[in-house]
Amino acid sequence: MCSSDLELIEFAGLRLPMPMTGQPVVLLEYEDRLGVRSIHQVALTCTGKGRGGRIYFGGYDKGKFSVFRADCIHRVVAL
């Protein structure tokens, strides 16, 4: 699993105030809380910190806005 701390963060309570310049498109390998890894092609738009200082990235994955915890990202490839 990506972290031993399984506390869920409410999406509405998460703030991603820092925009990313140019919306870089990346492939990232992400592990969800069940330990399942998946590959996502994401146009990154913003970043910020959640509770406990965790870093999050926000962006568009297949046209839908998604949020990714930095500590659950295993690999990133810039496209």
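Two strands are taken to pair if DSSP finds at least two bridges between them; strands (E, at least two residues) and helices (H or I, at least four) are DSSP runs, numbered from the N terminus. The model is predicted, with local features requiring pLDDT of at least 70 and side-chain atom pairs counted only at pLDDT 80 or more, while totals for chains, interfaces and linings use all residues. Residues are numbered from 1 along each chain as its sequence is written, and side-chain values use heavy atoms, with hydrogens and water left out.

The predictor's confidence in each residue is given as pLDDT, from 0 to 100. Mean pLDDT for the protein is 85, and 82% of its residues reach 70 or more. Confidence is lowest in strand β1 (residues 18-19), with a mean of 85, and highest in β2, at 95.

Strand β1 is joined to strand β3 (residues 37-49) by two bridges, and the two run antiparallel. Within this pairing, Met18 stands opposite Thr47 in β3. An antiparallel pairing of seven bridges links β2 and β3, in which Glu29 stands opposite Ile39 of β3. Five residues lie between these strands in their hairpin, where Gly35 takes a positive phi near 90°.

Seven bridges also pair β3 with strand β4 (residues 55-61) in the antiparallel sense; the bridge partner of Gly48 in β4 is Tyr56. The β3 and β4 hairpin has five residues between the strands, and Gly52 takes a positive phi near 75°.

Strand β2 (residues 25-31) also runs antiparallel to β6, with five bridges joining them. Here Glu29 has Arg75 of β6 as its bridge partner.
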